[in-house]
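Please examine the model shown here before reading on. The paragraphs that follow are meant to be read alongside it.

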Amino acid sequence: MTSATDDEQGLRLELSGITKIYPAVIANEDVSLAVRRGEIHAVLGENGAGKSTLMKMIYGVTHPDRGGMKWEGQVLKVESPAHARSLGIGMVFQHFSLFETLTVVENVALALPGNPDLAELAAQIIEVSNRYGLPVDPQRLVHALSVGERQRVEIIRCLLQNPKLLIMDEPTSVLTPQAVRKLFDTLRQLAAEGCSILYISHKLDEIQELCHVATVLRDGKVTGHCIPAEETPQSMASLMIGKELPVPEHSVPAEPGDVCLQLNRLSKVSDDPFGTDLQDINIELRGGEILGIAGVSGNGQQELLYALSGEFPVDDANAIVICGHPSGCDMPDRRRRNGMGFVPEERLGRGAVPRMSLTENALLTAHRADMLRHGMIQFERIAAFARKCIADFNVKCGGEEHAANSLSGGNLQKFIMGREILLAPKLLVVAQPTWGVDVGAAAFIRQRLIDLRDEGTAILVISEELEELFEISDRIAVIANGQLSPAKRLADTSIDEIGIWMSGMWEAPATAEAHAHG
Amino acid sequence: MVKLERRPEASQLMSYASPLIAIALMLIGGLLLFTALGKDPIEGFKVFFINPISDSYGISELFLKATPLMLCAIGLAVGFRANVWNIGAEGQLIVGAVAASAVALYFYETESSQFLVLSLMVITGATGGMLWAAIPAFLKTRFDTNEILVSLMLVYVAQLLVSWLVHGPMMDPDGFNFPQSRLFEDSALLPILFEGTRLNLAFGFAVSALLVGYIFMFRSFAGFQMQVAGYAKDAARYAGFSAKRMIWIGMLSGGAMAGLAGMSEVAGPMGQITDHVSNNYGFAAIIVAFVARLNPVGIFFASLLMALLYLGGEQAQQYLALPSSISNVFQGMLLMFLLGSDVLINYRVRWKEAVA
């Protein structure tokens, strides 16, 4: 794609005819791409379009079967991530590559050549994290960090190395709007200093705001180039998915039904020394409404979800009332019998067993829907349930006998969401419904949540994507430092206000009480 | 520099083939070993693997030896599938044997019916094994102790216990102070299945246990829950499956089957209890379970193979003048080659120049 008139000196990275074939699938076919110095270059595409594979080849994680790469005018082959880093290529992965048993500073040290002094490095981390608005404690163990915090570590780790090319794979999905602003400022500043940035995201408005040029991938091939500033999000989405994007219909909420979830001063000291303690959380959620809970990750969402789902029950039964049953001490199966459904943030390993088939994964929670006789599994019934789930929720897969880990993230999420919805819960708790899911699937999932609400289900959505919450919620509250703000009707608030609340600043508690009981 | 690199996807076929590869490598290793020891490898191979099963009596002995292995391995596999690591089947077998022997000796010269005595022996044998396994299960669920260590340490306690008993309370009063009990009466001995052999009803127990185990693992919801826990602990918690219940099921099934194996030894080929009641069956069964990929059908065949190693070892001792530990060497080679193949299924070896 590079014309001969381009100034060779201006190109930092040039890919030509990159092809990567995996046994089952062609991940990239004849992809060409050129990134100039100081350019913020978007790579757009749905899940499975081959963006991540392409980035991994640039970063030396895998190697192309065909095609060449030029780095600063030199033809070369990136042998390994260490080689890439020595060239000045940094990457923030979508799936984090951190060692959970090590601290933040140790993880950063591992990516650096030689034997850096940890105390000195910790100071550097703090400096960079302050400069770019990415607060993180260098001494914390990574396993105790939330998804959002882990991503900050990844970003900081790259920034510490003063990269010439920074690859960012879906970097903003877990940041507050204010933090996204700050990150964008950082990225623009980096670009102005001459650093090139490859920016992968499905958030079209962000790409439009930030990126100079965009390359669109579909099914592993380049389907177009555009200048985002000259496009609309809709036109870029149709370039990416090849058709128009459905817009969710949000009808006027029906008359609220019975109270399906009530939290009465729910408090819990986190088992994790670096976790967030929940303090006096009050919620009243009725059938037929969606309550969204916004917040920057690591502010008590995990703890709240564990308490709600029953994976880690609390001591006071009356702190959590599910459909009239005091449930604080109940295990998850008891809560499900009382009408609760739950879609967790982690799909593989928690919401589904990676190595098991979709049929078996349906059994995970659907066993109570008359799937057992005398303790024996009714395989035909459960397979039929799985097939219905696949059909109704448009899950793209090889069939119900295929393993959960053979599905893309978005399709697995549709399957898990479908499984929980088909069980007809009175109360559905959903965490990060569309995290890492492509736009098409995300729109579908949101629509199904709205449909479910219209059928009278009470839905609690905890998400770090504000746009999403504003799209589907009837009321919205914010969790910060383990405390919950009052819930506001969507019409009475704005993204800006919620964004400010996300840093923990909302009205005095007196007003909060009034809202909670209002 | 040699480096192990994780394969993107492990071959399903190879994971079933790896036990066979391990067996082949063990045979090759055995041939080399015989050669190194100055024996004719072909002759050694014949003595070790062919002679023991060259007649019908030999085959019956093979099944007899395989019986306690099948029982222990199926019980262990139930727990192993849920990552409940009961390493103490050896001790549970001993305690089961002790409990069953106590019944046999209690009814000595009481003229009770064989059915009554044997039924009670089966029940107490299995219960004895379960009680021994309940100790690590309780400590694990209550205090989160490591069940591997506790169950293993209890093996030595059990060995000392049986040693004390056969030197004391259970010693044959007319036995010239030999550390062994009276010979059981016929009413306390399992009926022989085929005249002229020692193969007894315990083999029927073992096959039934494999069948029940198969149904439990692949058809029952409890078995499904245990498999989920083995694959993904967080998913089991998410689904609300009780982790404690799985620890109990896993430990107790291993204990019950090991105890039954102990009963079938004292009420079978031994006919009394001595301090050599187990032949390391409880440990060998761990190898059996893994070679079998925790699958009941696999356990049937892996037990036969392991039994052949026992018999071959005895033959090698007799005809090749090799020490009895030759059996352990073969068992060890089998496990090592199996683990080695498994590593190579999941990883590939890369020879790399060190990157500066």
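The model is predicted, not experimental. The secondary structure of chain A amounts to 17 helices and 23 strands. Of its 518 residues, 49% count as buried. Among the contacts in chain A between residues at least 6 apart in sequence, 67% link residues at least 24 apart. Chain A is divided into domain 1 (8-241), domain 2 (259-339 + 425-517) and domain 3 (348-408). Taken over C-alpha atoms, the centres of domain 1 and domain 3 of chain A are separated by 35 Å.

Strand S1 (residues 11-21) of chain A is joined to S2(A) by seven bridges, the two running antiparallel. A:Leu13, for example, has A:Val35 in S2(A) as its bridge partner.

A second open sheet in chain A consists of six strands in the order S6-S7-S8-S3-S9-S10, with mixed pairing. Strands S6 (89-92) and S10 (221-226) of chain A stand at the edges with a single partner strand each, so one side of each has no neighbour in the sheet. Direction ignored, neighbouring strands of this sheet are turned against each other by 20° on average. Within the sheet, strand S7 (residues 165-169) and strand S8 (residues 196-200) of chain A pair in the parallel sense over five bridges. Here A:Met168 stands opposite A:Tyr199 in S8(A). H1(A) packs on this sheet as well, touching strand S3 (40-44), S6, S7, S8 and strand S9 (213-218) of chain A. The direction of H1(A) makes about 155° with that of S7(A).

Further along chain A is strand S16 (residues 340-343). In a regular strand, side chains alternate between the two faces of the sheet. Both faces of S16(A) are covered: A:Met340 and A:Phe342 are buried on one side, and A:Gly341 and A:Val343 are buried on the other. Four bridges join S16(A) to strand S19 (residues 427-431) of chain A, and the two run parallel. A:Phe342 stands opposite A:Val429 in S19(A).

How many residues of chain A are in contact with chain B? There are 28, and they meet 16 residues of chain B. H11(A) gives the most, with four residues. By class, this side of chain A has 13 nonpolar, eight polar and seven charged residues.

In chain B, helix H8 (residues 221-231) is mostly covered, with eight of its eleven residues buried. Among them are B:Phe224, B:Met226 and B:Val228. The cover over the buried residues of H8(B) includes helix H11 (358-366) and strand S18 (376-377) of chain A, along with helices H3 (56-80), H7 (202-219), H9 (233-239) and H10 (243-270) of chain B. Two of these helices, H3(B) and H10(B), pack at an angle of about 170° with their axes 6 Å apart. That angle makes H3(B) roughly antiparallel to H10(B). The residues of their contact divide into 15 nonpolar, seven polar and one charged.

Note on methods. Residues are numbered from 1 along each chain as its sequence is written. Chains are lettered from A and ligands numbered from 1 in the order in which they are written. This is a predicted model: local features need pLDDT of at least 70, side-chain atom pairs count only at pLDDT 80 or more; totals for chains, interfaces and linings use all residues. Two strands pair if DSSP finds at least two bridges between them. A residue is buried if 20 or more other C-beta atoms lie within 10 Å of its own, exposed if 12 or fewer, and partly exposed in between; C-beta atoms are placed from the backbone. Two residues are in contact if their C-beta atoms, placed from the backbone, lie within 7 Å. Domain bounds come from an automatic or database domain assignment. Ala, Val, Leu, Ile, Met, Phe, Trp, Tyr, Cys and Pro count as nonpolar, Asp, Glu, Lys and Arg as charged, and the others, Gly among them, as polar. Axes are lines fitted to C-alpha atoms, for helices over the stretch in contact, and angles run from 0 to 180 degrees between N-to-C directions. Angles under 35 degrees count as roughly parallel, over 145 as roughly antiparallel, 65 to 115 as roughly perpendicular and the rest as oblique.
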